[in-house]
Amino acid sequence: MSTEFTEWLRERSDEQLRALVTVRPELITPVPAHVEGLAGRASSPSAIGRVLDRLDRFTLSVVETLVVLPSPVDQRALRDQLARALPEGVTVATLRAALKETVERLRTLALVYGPQNALVPAPGVREILETPAGLGPPAVEAFRHHPAERLAELVQDAGGESGDTRQALAELLGDREVVARLVEDVSPQARSALNELAWGPPSGRVPNARRQVRAESAQSPIEQLLARALLAATGDESVTLPREVGLFLRGGRIHRDLSPVPPPLDGTGRDQALADRTAAGQAFTFVRAVEELCERWSADPPGVLRGGGLAVRDLKRTTGLLDLPEWAAGLVIEVAHAVGLVAASGSVDGDWLPTPLYDAWRVKSTEDRWVTLASGWLSMDRVPGMIGERDERDRLLNALHPDLRRSSAPEVRSTTLGILAAAGPGVSPGIESVLGRLAWEQPRRRGGRRDQLVEFTLREAEQIGMTGLGVIAGHGRALLSCGGRSGAAAQALAPLLPEPLDHVLLQADLTAVAPGPLTGDLRRWLALAADIESTGGATVYRFCEQSVRRALDAGQGADEMLAMLERHSATPVPQPLSYLVTDVARRHGRMRVGTASAYIRCDDSSLLDEVMADRRAVPLRLRRLAPTVIASKTSRGTLVDSLRAMGYAPAAESLDGDVIIAQLDVRRTEGQPVPRQPVTFTGPEAEVVAAAVRAVRAGDAAHLARRVPVDAPAGQVPRSPATATINALREAIRQGSQVWIGYLDSQGNATSRILEPARMEGGYLTAYDETRAAVHRFALHRITGISDVE
Amino acid sequence: MSDGPLIVQSDKTLLLEVDHDRADECRKAIAPFAELERAPEHVHTYRITPLALWNARAAGHDAEQVVDALIGHSRYPVPHALLVDIAETMARYGRLRLDKHPVHGLVLTSTDRAVLEEVLRSKKIQPLLGERIGADAVAVHPSERGNIKQLLLKIGWPAEDLAGYVDGEHHPIALKEDGWLLRGYQREAAEAFWHGGSGVVVLPCGAGKTIVGAAAMAQAKATTLILVTNTVSAHQWKQELIKRTSLTEDEIGEYTGTKKEIRPVTIATYQVMTTRRQGVYRHLELFDARDWGLIVYDEVHLLPAPIFRMTADLQARRRVGLTATLVREDGREGDVFSLIGPKRYDAPWKEMENQGWIAPADCVEVRVTLSDEERLAYAMSDSEERYRFCATTPSKTRVTEALVRRHPDEQVLIIGQYIDQLDELGEHLGAPVIKGETKIKERERLFQAFRDREIQVLVVSKVANFSIDLPEASVAVQVSGTFGSRQEEAQRLGRVLRPKADGGGARFYSVVSRDTVDQDFAAHRQRFLAEQGYAYQIIDADDVLAGD
């Protein structure tokens with residue numbers, strides 16, 4: 001651990017430390033005991049890897065340059081080095097401004113420390129960046145495993161006086177003239193091999209890399225290079241280009257093309273208003289698709305597979321119902337699931353069913369419903385695009401499968417959409433352009449997997465209606481910036497959505513055309529009384545005998561239906577339609593069907609009169625259907641037994657004649673779904689940060705003072721009620737004062753401590769413990785009592 | 001929010017609000033690439049199908065025009081995916097072309113090598129191809145010109161046929177416009193066909209398809225083979241041609257069951273062409289009998305399958321198809337497209353009616369309630385017999401008679417399916433009955449008498465379904481039909497749609513038994529009429545009988 005780094009960190013102001021832990025929250029989970037702990041954590045490989053992953057290409061290049069140049073580096077030297085790699089058209093002034101800002105940012109991130117004229121990369125950074133900017137290890141490292149005699153040979157062949165150490169060789173290679181001469185010496189083939197490695201990756205594979213070759217006897221191009229120490233053998237079959245040689249081949253530059261500004265987003269220009277309208281149209285369609293899905297699954301739910309998920313056959317069927325491509329249907333299903341509108345019902349052979357949340361969602365306005373869906377999509381870690389792929393164990397990933405997730409998905413989504421938003425109004429960047437921009441913004445995270453996620457994101461954003469014609473829509477932008485918490489997105493979307501209509505066009509071919517979305521009541525009524533024939537901007541309904549009968553079954557009367565038609569029709573009701581309604585109503589209900597589980601049949605109606613009149617027959621729930629027939633709701637066995645008990649002599653009849661009606665039930669899951677915690681990227685809250693920094697400072701003060709543990713006062717701390725304890729602690733935090741507490745340690749022993757409380761949350765107190773001279777966390781329920789320190 | 005008259009649905013149908021100010025302009029813009037599917041009173045439905053898009057391509061429209069038309073007239077945003085799909089589908093047409101090559105004869109060339117490779121790998125197409133000529137072309141056996149077009153359409157790469165046509169034997173034919181003039185749309189239709197080379201003209205019944213055929217012949221000025229549905233229709237074609245063109249009786253031959261004349265213009269029936277003896281089509285030689293310059297197919301939607309096969313071998317001759325509808329009950333629209341040609345002209349019924357070319361019609365469905373005994377008998381009848389039973393009940397006969405009495409001064413046609421029912425009706429009404437066994441001579445005599453108003457009521461069976469010309473029938477009563485055939489319904493309505501001398505409207509009654517399969521079939525047929533814009537009414541038979 002570099003003490004310099006720790007010291008530098010210690011000298012940072014509280015504000016600067018707060019800024020640090022705000023952008024690197026992993027440093028305070030849990031809160032380190034002192035600044036030394038903080039420094040240690042800040043230079044751990046995982047923490048550094050994490051923060052480097054978030055750097056853009058320019059910032060990363062600055063770090064790489066600092067790593068390559070011998071430390072400490074003067075900022076001017078750094079600038080000169082970087083200036084060599086500037087592309088045409090970028091002035092040094094731009095670089096200077098950008099660099100100033102970048103170095104400050106790197107200081108904030110504690111990746112670089114030291115004053116202006118002596119910048120040093122934080123400890124650990126060098127180790128993580130093994131091949132900075134694609135450069136190999138320095139000669140000292142590269143030739144590490146070479147025996148002394150081999151080193152002597154190399155030094156000699158490189159034209160050195162004498163010496164058998166790595167330092168001697170490194171010094172030689174550090175001399176540009178020496179390297180120039182050596183490179184001059186080798187054959188053109190060997191030159192081109194070097195050029196291959198020059199811009200990285202710096203290592204390659206050759207058979208028998210450790211062969212002992214001398215400059216004069218070297219044959220093949222590789223041998224020529226190995227003999228002159230232009231390549232170093234790093235294993236039996238691997239060679240690497242020493243950093244010094246690499247730098248020479250790069251002509252002193254470290255980066256090839258280093259732009260301090262991100263690459264521009266190229267794209268087709270679109271009319272923003274048209275894009276907004278297209279996106280709104282799609283948003284409307286998407287909301288409708290989710291509703292359609294829930295309605296269909298209400299009546300006819302697909303089963304849950306044993307491994308979780310939805311069977312391929314059910315997905316295909318749903319795809320057909322929704323009239324969408326399969327990936328889009330998968331998206332609808334996954335989003336509906338992610339926001340809790342559908343869930344697996346609890347029973348053993350479970351079904352995928354709409355939840356009670358769906359009923360609440362359904363009655364909201366279209367824009368609010370969309371905001372729910374779209375923000376759910378943004379924050380979900382599920383990846384619908386992977387449906388149908390196979391996992392590493394070659395198992396098929398079904399829709400709604402538990403493994404259909406990628407933890408980086410939400411971040412890739414928001415980053416990708418952020419890039420679209422950065423493109424400016426009316427610009428639709430191509431996918432290549434987006435990927436290029438992303439490669440600049442997060443160069444360490446590139447890869448096929450991420451590119452695939454980006455592709456999914458763009459495709460899905462269009463489907464959901466975040467974007468239209470590839471341009472981020474106004475409501476999409478609002479949703480991105482406010483994260484679904486404010487109504488801005490809904491407000492932006494609402495005026496773009498078509499006004500709900502309260503009329504339809506009725507036609508003689510028994511269709512009703514709704515030339516736009518309908519008001520809720522009318523829509524529900526039409527869905528009942530007519531079949532939907534096509535959807536889209538408009539909805540086409542068709543009345544037929546079955547649909548009219550369905551409405552009659554649901555309790556509608558013929559007059560009521562005709563009145564409804566008349567009220568909501570922009571034109572007179574066509575005669576064939578009113579005829580259809582009356583005609584079906586005329587026949588409806590002429591036959592009655594009910595359920596009875598048993599019946600009594602008797603030719604002697606007076607005997608049945610007697611049964612009906614008998615008070616003991618009341619629990620049998622009898623109903624006289626005809627003079628000679630009584631129906632009962634009890635089972636045949638019970639009926640026979642009861643009649644016998646009443647003194648009759650009934651005989652059981654065969655089951656023929658039983659009526660069973662399968663009834664379509666609208667079903668729901670049993671309980672409320674467990675709301676999924678939305679993933680947030682806002683970082684820790686300011687209060688937490690402040691408290692953590694205070695705790696670190698306090699711990700550090702103690703640490704520095706090498707305060708000896710103070711003995712707790714003798715005697716027991718007086719017991720106090722929990723509320724009093726918490727109030728006293730809160731007061732102590734506010735005033736920064738010390739308290740004396742009684743505490744049950746993890747073994748259950750009663751101890752006594754002097755504390756300087758720093759922060760209290762989630763049932764725990766973080767405080768500096770005078771008696772142990774360290775920062776500890778205390779469970780509040782184990783604090784037995786509290787008292788002021790005398 | 002735009003306020004265009006068009007709404008694009010996700011199933012690729014287009015809804016056009018006809019009362020909208022810009023509806024007419026919009027209709028013109030979308031008609032080339034969308035098939036009119038339904039045209040009821042307020043909202044017309046068009047459908048974009050691959051065939052329709054390719055028809056548009058064949059007519060020289062490009063994807064940009066299509067997309068512009070949709071976006072320009074649409075009320076709501078058009079889904080991007082749909083536009084992309086349209087562009088992709090349209091781009092499929094014309095990637096492959098059939099050309100004439102000076103050395104290799106017929107060749108299939110491609111502007112896209114990958115497509116050609118795909119085609120070459122197809123097992124079904126391979127045998128039709130000859131040697132490869134360079135990277136982008138392959139020879140095709142000239143006899144397979146039709147087959148290859150059919151197969152290419154099936155795999156989704158329709159070929160543009162630019163191989164041209166043989167001129168055929170020259171024969172002077174001219175229109176003789178004395179006392180009548182070619183109507184504007186008839187001229188347009190004939191010209192559209194001629195410029196396209198081959199193809200189908202869609203015109204409603206009564207719009208004068210025969211004259212379009214004659215105009216096409218006058219354009220071709222070559223020997224012509226005309227294929228029609230039946231003998232009566234053949235006679236009528238002949239009469240019409242003599243009347244409308246410079247052709248004389250000697251120049252026109254009839255090739256039917258009874259006569260086998262081959263003349264510069266020959267009219268043959270489908271039936272005779274498809275007659276087989278011992279599995280061999282005996283009259284195939286007719287196609288080779290002369291060097292035909294033009295082949296006319298009447299009623300293309302009824303073209304029997306063997307004729308398709310024969311047509312496949314006739315791809316070098318100009319072909320014109322005439323029909324009232326591209327809808328085929330057997331779904332072989334694709335074969336019509338690839339073998340006869342793309343749609344070249346189309347005009348909706350209602351529009352023709354508005355222009356006064358066809359008579360407006362009033363459609364009425366009369367619901368007959370069966371008597372209790374009839375209902376019982378119906379419930380007990382075998383399922384095969386059910387339709388026949390409910391279609392021919394005595395109750396219907398009574399109502400039909402009452403309907404005829406309602407129109408004492410008009411020419412009434414009674415159309416039905418079952419002979420005994422028709423005989424009974426004929427007897428009750430004292431009207432002659434035309435059925436399958438009626439001699440051609442007798443039929444023509446009766447038709448003439450009906451035309452001359454010597455007979456007021458004529459009872460006809462389905463033999464008269466097609467191509468009979470009864471200009472003065474103003475009332476038709478349909479008592480039974482071929483189950484739910486929509487196309488039959490259209491034909492029958494066509495019987496009364498021809499313009500009347502007095503300019504009056506026509507009436508079309510369907511007598512239907514309530515609560516039976518008859519009613520279901522009727523509903524199916526009538527849906528077609530309603531979709532064509534013929535608002536119909538339903539009345540109870542009791543009202544008819546009461547008003548009697």
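Predicted model: local features only at pLDDT ≥ 70, side-chain atom pairs only at ≥ 80, totals over all residues.
I will start with the chains one at a time. Chain A has 790 residues, and 40% of them are buried. Its secondary structure comes to 33 helices and 23 strands. If you take the contacts in chain A between residues at least 6 apart in sequence, 68% of them join residues at least 24 apart.

Chain B has 548 residues, of which 49% are buried. There I have 22 helices and 25 strands. For contacts in chain B between residues at least 6 apart in sequence, the share that joins residues at least 24 apart is 73%.

Now the contact between the two chains. Chain A puts in 25 residues and chain B 26 residues. Which elements of chain A give two or more residues to the side that touches chain B? They are α16, residues 272-299, β13, residues 511-514, and α29, residues 575-587. The most comes from α16(A), with 4 residues. By class, that side of chain A has 10 nonpolar, 11 polar and 4 charged residues.

Next, the nonpolar cores. The largest has 168 residues. Those with the most contacts inside this core are Ala512(A), Val201(B), Ala216(B) and Val477(B), so you will find names from both chains in that list. Helix α8 of chain B, residues 209-220, gives the most to this core, with 8 residues.

Take Val201(B) as one of those residues. Setting aside residues up to four places away in sequence, Val201(B) touches Ala189(B), Phe193(B), Val212(B), Val320(B), Gly321(B), Leu322(B), Arg344(B) and Tyr345(B).

There is also a second, separate core, of 101 residues. Among its members are Leu60(A), Leu66(A), Val717(A) and Ala767(A).

That brings me to a sheet in chain A. It is an open sheet of 5 strands, in the order β22-β21-β20-β19-β23, with antiparallel pairing. The edge strands are β22(A), residues 774-779, and β23(A), residues 783-788, and each of them pairs on one side only. From one strand to the next the twist averages 45°.

Within the sheet, β19(A), residues 739-744, pairs with β23(A) in the antiparallel sense over 5 bridges.

Staying in chain A, look at helix α13, residues 188-198. Which of its residues are buried? Ala190(A), Ala193(A), Leu194(A) and Leu197(A). Viewed down the axis of α13(A), these buried residues fall within an arc of 100°, so they line one face of the helix. They pack against α12 (176-185), β3 (203-205), α14 (221-227) and α15 (243-249) of chain A. The face turned away from the buried side carries exposed residues, namely Pro188(A), Gln189(A), Ser192(A), Asn195(A) and Glu196(A). After α13(A) comes Gly200(A), which has a positive phi, near 80°.

One loop residue in chain A is next. Val383(A) sits in the loop between α20 (366-379) and α21 (409-422) of chain A. Is Val383(A) buried or exposed? Val383(A) counts as buried, because it has 23 C-beta neighbours inside 10 Å, and the cut-off for buried is 20 or more. Leaving out neighbours within four places in sequence, Val383(A) is in contact with Leu404(A), Arg405(A), Arg406(A), Ala409(A), Leu453(A) and Phe456(A). Val335(A) is 48 residues from Val383(A) along the chain, and their C-alpha atoms are separated by 9.8 Å.

Last, some strand pairing in chain B. Strand β5(B), residues 96-101, and strand β6(B), residues 105-110, run antiparallel and are joined by 6 bridges. These two strands form a hairpin with 3 residues between them.

How does β5(B) pair with β9(B), parallel or antiparallel? The pairing of β5(B) with β9(B), residues 159-161, is parallel, over 3 bridges. Here Leu98(B) stands opposite Asp161(B) in β9(B). So β5(B) has an antiparallel partner in β6(B) and a parallel partner in β9(B).

Definitions and conventions: Residues numbered from 1 in each chain as written. Chains lettered and ligands numbered in written order. Contact = placed C-beta atoms within 7 Å. Nonpolar A, V, L, I, M, F, W, Y, C, P; charged D, E, K, R; others polar. Axes fitted to C-alpha atoms, helices over the stretch in contact; angles between N-to-C directions. Core = buried A, V, L, I, M, F, W, Y, C linked by C-beta atoms within 7 Å. Buried ≥ 20, exposed ≤ 12 C-beta atoms within 10 Å, placed from the backbone. Arc of directions from axis to C-beta.
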